Amino acid sequence: MKNLNFIKELRSFLLLWSSQTVSELGTEMTSYALIIWIYGQKGTASSITILTICSYLPTIFFRFIAGTLADRWDKKRIMLLTDLAAACGTVTILVLYSFSALRIWHLYVINVLLSFMNAFQTPASFVATSLLVPKKHYTRVGGLQGFSGSVVSILAPALGSCLLAFGGMKLVLACDLVSFSVAFFVLLFFIKIPEIEHTEEKNKEPFLESCRDGIRYLRDHGALLHITLFIAIVNFLAKLGNDGMLSPFVLGRTGNDQQVLGMVQSSVALGLLAGSIIVTLMKTVRDKSKVVFVTTAFVFAGNVVQSLTLSPLVWCIAAFASYVLAVIMNANLMTIMREHIPLEMQGRVFSAKDTLQNCTIPLGLFLGGVLADYVMEPFMTADSPMQKMLSRFFGSGNGSGIAVIFFFVGVFGIAISLSRLKKPIYNDLMSSRILERNIDERNNCI
């Protein structure tokens, strides 16, 4: 009976979530196929890196504006329009490919446009989920979303490879369009997203002033701002460490053994899957901020473990455990945001939070590459007293410099995560929540 009540309470969300997962699988298969196509055309890693940058930066730059519009406009309409834009991008690629006119720069331009649309899709989807889901199920829903993401990350390369072998790029693109159609028509005809009533004063508020509301809200709610800035530091360190440098680390340590890399990456995907299942089934934790800090410390411990060994088995175990805990951390973080941000402001505040915590990622990736290629890797191959001392712990040769980076990133990440436990974040969050509730009750009485 309990399970039936759970399904009934989340019926609309489950329908939206499952259909969007199908569409996401189609999109990821296309992304996988295009990466293979680009590498076949150009044969360089930088051509793929540029594609990633084109997919990422516009979303960060336009997220503030998009969050304000997501709060003001109809969420369902925004999601439908952005999905339609994504489908138009796929159709454009299919047409160009069919006439042998597809060029790499076409994909860069299309990805920039799709990333711009994603800036609107993400906050609208975040608020829509909050409107469709009862508060008691926020953490469980975070687990379900993580579960679908991990399943897609596991299935997309395998299915994409099969479709490429069976019918080529055209079949992959056609399947992507079919998956889009499923998600689009389910959202259009079967999902009703409740609307938030806005006061007349809010509707008349200048647009630019409204864009700043997200930053002001975080500034006025110190606990949420502290957590956001903490995640910004975590993202920076993660890209310096195994989240951004895992592939060159494994390939360098193993003499370019792609099978070992595949094993480690599969362990990451399985960790995401297992973590999502755990979050979906586990009971809601009272002090979610403490869970965020403790699990993050253990995630960084994975960097330390991987840096001190040459065993692929240990790398796989550390990767699996780290990403199980990363899912638990992220689900609790999202629940904190949903619980402590008013529904009518979630688009703006989520966008402000997302921009602040993600702006450090490109810097982490860039600095990680520079440190590895031009500082630590050359240093660990040179003969010096310090190199000899470090080589006792991290070995020498290719990959040893990245191992040193992993170790210090891990130690610093553990230290900063555990230091946050001394801050009364939970009490600050609850005090802020009680204060807002009292203000709302006073306004209602007036």
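Which residues does F249 touch, not counting residues up to four places away in sequence? Select F249 and look around the side chain: you'll find Q306, W315, G399, I402, A403 and F406. Contact here means heavy atoms within 4.5 Å.

Before moving on, some ground rules. This is a predicted model, where local features need pLDDT of at least 70 and side-chain atom pairs count only at pLDDT 80 or more, while totals for chains, interfaces and linings use all residues. Residues are numbered from 1 along each chain as its sequence is written, and side-chain values use heavy atoms, with hydrogens and water left out.

**Stop 1**

Buried means under 20% relative accessible area, exposed means over 50%, and partly exposed is in between (1.4 Å probe, protein chains only).

Helices are DSSP runs (H or I, at least four residues), numbered from the N terminus.

**Stop 2: a bent helix**

Select residues 360–381 to bring up helix α16. Its 22 residues should span 32 Å at 1.5 Å a residue, and the end C-alpha atoms are 30 Å apart, which agrees. The expected span is 1.5 Å times one less than the number of residues.

Where does α16 bend? Go to A372: the bend there is about 45°, taken as the angle between axes fitted to the seven residues ending there and the seven starting there. A372 is also buried, and so are other α16 residues, including G364, G368 and M376.

**Stop 3: a loop residue**

Jump to S100, in the loop between α4 (75–98) and α5 (104–132). S100 isn't a glycine, yet has a positive phi of about 55°. Is S100 buried or exposed? At 60% relative accessibility, S100 counts as exposed.

**Stop 4**

Head to helix α15 (residues 346–358) and click on K353. K353 counts as buried because its relative accessibility is 1%. Leaving aside neighbours within four places in sequence, K353 is in contact with L218, T228, M334 and M337.

K353 also forms a salt bridge with D354, with the closest N and O atoms 4.0 Å apart. A salt bridge is a side-chain nitrogen of Lys or Arg within 4 Å of a carboxyl oxygen of Asp or Glu. Side chains of opposite charge can pair when their charged atoms come close. D354 is buried too, at 12%.

A search of the whole structure finds five salt bridges. Two others to select:

- D220 and R219, whose closest N and O atoms are 3.5 Å apart; D220 is exposed at 52%, and R219 is exposed at 53%.
- D383 and K388, at 3.8 Å between the closest N and O atoms; D383 is exposed at 63%, whereas K388 is partly exposed at 48%.

Methods: Helices (H or I, at least four residues) and strands (E, at least two) are DSSP runs, numbered from the N terminus.
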